[in-house]
Amino acid sequence: MTSVRQQHAIEIADKFRISNLDKCRWSVPSQYGTGKYSVTILGKSSHCTCLDYEERRQPCKHVLAVEIYRARQDNPDGPKTIPESVTATKRPTYRQDWPSYNAAQTNEKDQFQVLLRNLCELVPTPPQTGKGQRRIPLSDAIFSATFKVYSTVSGRRFMSDLRQSHANGFISKVPHYNSIFNYLEKPELRPIIERLIETSALPLASVETDFAVDSSGFSTSKFERWFDHKWGQERFRHQWIKTHLMCGVKTNIVTAVEIGNTHDSIMLPSLLDTTTSGFDVEEVSADKGYLSYNNVYQVMKAGAAPFIALKKNSAISFPRAEERHGWPKTAAWRSMYHYFQYRRDEFLSHYHKRSNVETTFHMIKAKFGDSLRSKSETAMVNEALCKILCHNLVVLIHEMFELGIDPTFLPNGEFG
């Protein structure tokens, strides 16, 4: 079966002109018309100047395109397909612990409610004074809202699950489905859910030492419209909520989260501070969006090694960098830069752990949806946080059966 990378290689070989520079070097045009890349093939070893090869250190689509080109040159009358030598490479596979996986999946819903209730019990309910109907306990409200997000169904259809939770003693009373929506509208709920996310990750503090950071968006039901004067027509697009998070690269547990449509680089220090408060951080990997003198310094200051992708124009030190950023930050930058230049393969092997944060976002969106049902911005933020809290609890359930851990949240019972 031909992979996507191999399909792109066939398209390059079919549509573009590949030039033979010498016996072992070829010039391959970019598939998107953004320039050309130099491919070197010498025996079984190969090299390409594109970023994909630099990051993966494996044959990219340009190398595969040259292989196709060479095969066609040797046999012009042969089939116009990718040669067998190129398709022989197999993707790495990883063994699944099926007994543990099956046990986690078949018990997930029951264990999810148990863990969620243990977490919610840490949340104190503010006293209510004066006359009027008594509000439902805050712990019950958070349990109901998070369990509703976990169910991925509408509020009305979710009520049967909520009645069963009440029968099992997880909540003191069954709230109306409108009450669940009303609580998601409360801005004071946001810091509480953020704290619950951080608390839910603590049982894996002895497992996770390497972390990755990235951001992604959740689409909403709202649209924004504007008139494009350049093209003389009205345009529109979905509004979205941008989520920044840091996660462990072994279990994909989320250790810190920030929500806001801000630049990625600005968010790394706060995510790192939150993570270091409960975890021993040894490595932090991130893409080029997080590259800055300050971020490299902050990671090293926390006692960890930064593995942040460098840009094409990255240099050992920009003019007057020490004057602008100070000696500690430029020294940290030079340390990481030299690591990349002189031990590149080792650097990239650590950097590629960053792909686990992409997996984390995929896990959240595939299981709990990539869109938000809430209408107001406050409720959207709280709903997105509930998705991440659900993800953490599901990860914990899996590790309970695979690693045999017994999650205990805040043994001292202190909830900030």
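Tutor: Start with one term: a residue is buried when its relative accessible area is under 20%. Keep in mind that this is a predicted model.

Now take Cys 390. Its relative accessibility is 0%, so Cys 390 counts as buried. Cys 386 is buried too, with a relative accessible area of 1%.

Next, the core packing. In soluble globular proteins, nonpolar side chains tend to be buried together. Here the largest nonpolar core has 98 residues. Six of them touch the most other members: Phe 112, Leu 116, Ile 142, Ile 197, Leu 245 and Phe 347. Helix 16, residues 377-402, gives the most to this core, with 15 residues.

Leaving aside residues up to four places away in sequence, Phe 347 touches Pro 306, Phe 307, Ile 308, Met 336, Tyr 339 and Phe 340. Strand 9 spans residues 305-308 and runs parallel to strand 8, residues 283-286, with four bridges joining them. One of the partners is Pro 306 in strand 9, bridged to Val 284. Between the two strands the chain passes through helix 11, residues 293-301, and this β-α-β crossover is right-handed.

A second, separate core has 18 residues, including Val 28, Cys 48, Ala 65 and Val 66. To place them, turn to an open sheet of four strands, in the order 1-2-3-4 with antiparallel pairing. Strand 1 (19-20) and strand 4 (45-48) stand at the edges. Each has a single partner strand, so one side of each is left without a neighbour in the sheet. Strand 2, residues 25-29, pairs with strand 3, residues 36-42, in the antiparallel sense over five bridges. In that pairing, Pro 29 has Lys 36 of strand 3 as its bridge partner. Helix 3, residues 61-74, lies across strand 2, strand 3 and strand 4. Helix 3 runs at about 65° to strand 3.

Terms used. Residues are numbered from 1 along each chain as its sequence is written. This is a predicted model: local features need pLDDT of at least 70, side-chain atom pairs count only at pLDDT 80 or more; totals for chains, interfaces and linings use all residues. Side-chain values use heavy atoms; hydrogens and water are left out. Buried means under 20% relative accessible area, exposed over 50%, partly exposed in between (1.4 Å probe, protein chains only). A nonpolar core is a set of buried Ala, Val, Leu, Ile, Met, Phe, Trp, Tyr and Cys residues joined through side-chain atoms within 4.5 Å. Contact means heavy atoms within 4.5 Å. Two strands pair if DSSP finds at least two bridges between them. Axes are lines fitted to C-alpha atoms, for helices over the stretch in contact, and angles run from 0 to 180 degrees between N-to-C directions. A crossover is right-handed if, with the strands pointing away from the viewer, the path from the first strand over the helix to the second runs clockwise.
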